[in-house]
Amino acid sequence: MTTINSLPDEVLEFILDLLPPYKDLENCQLVAKHWAELVRNVRFRKVINFQRAIRESNLCWQLWHPGDVRTPAARYSHAVAVYKGFMYVFGGGSNEVTTFNDLWAFDLSTRTWERCNSHGPHPYPSPKARATMVCHEDRLIVFGGLRYPPKHPPYQRICLFDELHVYNLAEKHWMIPKMSTPWPPAMAGHSATIHGRQMVIFGGLQETTFYVANSNDVWSLDLDTFTWRKHETSGQKPAPRIDHYQIRIDDENLLIVGGLGGANSPFTDMWLLTMTSPTWTWREIPVRQRNFAATRMWTNPACEFDQKLIVLGQNCTLPADLQVNKQMALNSGGVQRIHQQPQQQAELRLRNPHQDPPNAPVDPRPAGGGNLRGRQHLEEAVPEIRPLARRGEHFGLQNLPRAPAHYHMGMLAFRESWKSQLTRERRLSALQKHEDELKARQAVIQAPPPPKLPVKEVKKPRQNCEAIFICDLSRVLDTADPSAEWLEPREGGVCAGAPLKNIMSSLVVGNGELICFGGLEQSVNCGNHTANNHLHFITVPHSVI
């Protein structure tokens, strides 16, 4: 009798590879020892293929269509964490400028949603967005966040939170741990990662006594005693920022990438925080091949897998969408623009048509006083003005202040450029010559063009879609030459099945796949952004035996 075990091992592994790499694949190990070995091969091959696909940008998008109606509402700026085959989603903002405080669990094996309720007299967290949520030992830890102000009455401040809530996954209820002072101020847009037995947070929009401002403070929470501690850091610090990426390198190191320092102040730098000594140290990591970097590294999601930073962004082959074109560098003293060197300014400075003759070198000296060098060049080029210049010297006019060399608009309405007078006849003759050439061409009888062959129109792919950018972080901890390098994306980072461009969505790592949920999608007709609850999986394309 022929059974499924009669199939070759290659065919069985191909069939098992089609299953979600979670509970279903684990249950196949219980069939027989032979199947357990096949499952181990499938898992190993899935990880290897996913790593190779990320390096080669050979990925594909798959939209998940819900089979039931129990799905979370459309949202953005929510918090996401993956733990033991489940993806947990908390809070977020809606289209009506409101926020949520619900917690949802997505079973990655059955591909179904389930709302996590709280049993007993335990208070729920406040409705909020832009909070952080991390998982540690069957507990979800949610901290911070903000609530958007209502539309009416206008001009209200946003509400920041300093709440710390813990959701027990085993007992299924929220709890507020007892904490001792001091604790961090209310904040949102910060970042958090787990390092051993502590949670480390950095930056964010923090509320002080008199105002709300960005921060670059580092806090840690002891997950055993729930005590906060603000850490002093040595060396140069990263600028205050929000909506950045915090990547866990190991238990003693973390990496801060990108972020936003304020209006028209995006960041593309990377900073390594070492937490070995009592005083933690910062170090800036050089970034190579910035021309392949992701765009807008503050509203687009990111995650880390196999020492690779994966960022979703705008297709780099198109003009940047909603880009901040002018970049500034922030420091502790304020905003500093990047100035050019004086030598470069002298080379790029334009010639004054009213003072400098053609092909005359520009005087690099600052304006003011008698411009003797410019006057000599002008007298040599136009001899007729020499008596006028000498007359000015006779009446003591040689020391009058003159306009700077780059000031072209001074008294322009009351004076005519001598350059236009000298070249007027030359321009008229050139126009007459060009007109004669056009008449001569019209008189020539040209042969009819050959018939064009019909060309099959190729359907152009949709270009306003998500693109994947990858940065290699394998040399961040190198003692000799630490660096991070952006990899060149293939086809602008656009993979097969890529959805429309989203912002403020979430991106997490599963078993051999990436999971993207929610976000704001720009409407094609009116240009407004609308929240969605779409769920996409980024996987390796399946090959056919």
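Guide: Axes here are lines fitted to C-alpha atoms, for helices over the stretch in contact, and angles run from 0 to 180 degrees between N-to-C directions. Helices (H or I, at least four residues) and strands (E, at least two) are DSSP runs, numbered from the N terminus. The model is predicted: local features need pLDDT of at least 70, side-chain atom pairs count only at pLDDT 80 or more, and totals for chains, interfaces and linings use all residues. Residues are numbered from 1 along each chain as its sequence is written, and side-chain values use heavy atoms, with hydrogens and water left out.

Visitor: At what angle do the axes of helix 1 and helix 3 cross?

Guide: At roughly 65 degrees. Helix 1 covers residues 9-17 and helix 3 covers residues 33-56; their axes come within 9 Å.

Visitor: What is the handedness of that crossing?

Guide: Right-handed. A crossing is left-handed if the near helix is turned anticlockwise from the far one by less than a right angle, and right-handed if clockwise.

Visitor: Which residues of helix 1 meet helix 3?

Guide: Asp-9, Leu-12, Glu-13, Leu-16 and Asp-17. Their partners in helix 3 include Trp-35, Leu-38 and Arg-45. Contact means heavy atoms within 4.5 Å. The residues of this contact divide into six nonpolar, two polar and five charged. Ala, Val, Leu, Ile, Met, Phe, Trp, Tyr, Cys and Pro count as nonpolar, Asp, Glu, Lys and Arg as charged, and the others, Gly among them, as polar.

Visitor: How many bridges pair strand 2 with strand 3?

Guide: Five, in the antiparallel sense. Two strands pair if DSSP finds at least two bridges between them, so strand 2 and strand 3 qualify. Val-80 stands opposite Val-89 in strand 3.

Visitor: Why is Ser-118 called buried?

Guide: Buried means under 20% relative accessible area, exposed over 50%, partly exposed in between (1.4 Å probe, protein chains only). Ser-118 has 14%, so it counts as buried. Phe-226, at 10%, is buried too. Asp-138, at 29%, is partly exposed.

Visitor: What makes the Asp-138 and Tyr-83 side chains a polar contact?

Guide: A polar contact is a pair of N or O atoms within 3.5 Å; within protein, one must be able to donate a hydrogen and the other to accept it, and residues adjacent in sequence count only if both atoms are side-chain atoms. The Asp-138 and Tyr-83 side chains make one at 2.7 Å, so the distance is inside that limit. Asp-138 also contacts Lys-84 and Tyr-167, among others.

Terms used:
Lists of a residue's contacts leave out its neighbours within four places in sequence.
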